[in-house]
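Please read it alongside the sequence and the model.

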Amino acid sequence: MFTDPISDYLTRLRNGIMANHRIVEIPSSKMKKELTKILFEKGYILNYKFEDEKFPATIKIALKYHPVSKLSAITTLKRVSRPGLRKYESHDKLPRVLNGLGIAVVSTSQGLMTDKEARVNKIGGEVVCYIS
């Protein structure tokens, strides 16, 4: 059993990128599914597939690379709030990642969303991770 499933998720993505894998398979949960949807919407991954039929349920993520330079679309994955030290911010104090070029994923009362969406909706919450 993992003590921090989100860190495990980010580490599996990071390791897949470092090894130049095309597809990464990750154990599934509701929060990981929402995080995967955000990564896809913002263009950090190529595609994803939820495999809920078999046990244990998994998420297959197709990583995105530049066609010529073979560099990944994701350069940095950093866990901010962790089980030992939670980080909560109000909507006006949410961090900007790389001056708005990256995203901060925020867990709010209305679900996971990016820092930009949380500022627009004026909702604060737990800062889960930084992605750039």
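Predicted model: local features only at pLDDT ≥ 70, side-chain atom pairs only at ≥ 80, totals over all residues.

**Aromatic pairs**

A pair of aromatic rings is described by the distance of the centres and the angle of the planes. With centres required to lie within 6.5 Å, the count comes to two aromatic pairs. In one of them, Phe-40 and Tyr-48, the ring centres are 5.3 Å apart and the planes meet at 80°; an angle over 60 degrees counts as edge-to-face, so this pair is edge-to-face. Tyr-48 also pairs with Phe-50, at 5.0 Å centre to centre and with 45° between the planes, which is a tilted arrangement. Through these ring pairs, Phe-40, Tyr-48 and Phe-50 are linked into a cluster.

| Residue | Relative accessible area | Class |
|---|---|---|
| Phe-40 | 36% | partly exposed |
| Tyr-48 | 24% | partly exposed |

**Helix packing**

Two packed helices are described by the angle between their axes and the distance between the axes. Helix H1 spans residues 5-18 and helix H2 spans residues 30-41. Their axes come within 10 Å and cross at roughly 40°. Angles under 35 degrees would count as roughly parallel and those from 65 to 115 as roughly perpendicular, so H1 is oblique to H2. The crossing of H1 past H2 is right-handed.

Which residues in H1 and H2 meet? On the H1 side they are Pro-5, Ile-6, Asp-8, Tyr-9 and Leu-13, and on the H2 side Met-31, Lys-32, Leu-35, Thr-36 and Leu-39.

**Asn-15**

Asn-15 is found in helix H1. Its relative accessible area is 44%, so Asn-15 is partly exposed. How far apart are Asn-15 and Ile-123 in sequence and in space? The two are separated by 108 residues in sequence and by 32 Å in space, C-alpha to C-alpha.

Conventions
Residues numbered from 1 in each chain as written. Heavy atoms only, no water. Phe/Tyr/Trp six-rings, centres within 6.5 Å; stacked < 30°, edge-to-face > 60°. Buried < 20%, exposed > 50% of the residue type's maximum accessible area, 1.4 Å probe, protein only. Axes fitted to C-alpha atoms, helices over the stretch in contact; angles between N-to-C directions. Helix = DSSP H or I, 4+ residues; strand = E, 2+ residues; numbered from the N terminus. Parallel < 35°, antiparallel > 145°, perpendicular 65-115°, else oblique. Left-handed = near helix turned anticlockwise from the far one by under 90°. Contact = heavy atoms within 4.5 Å.
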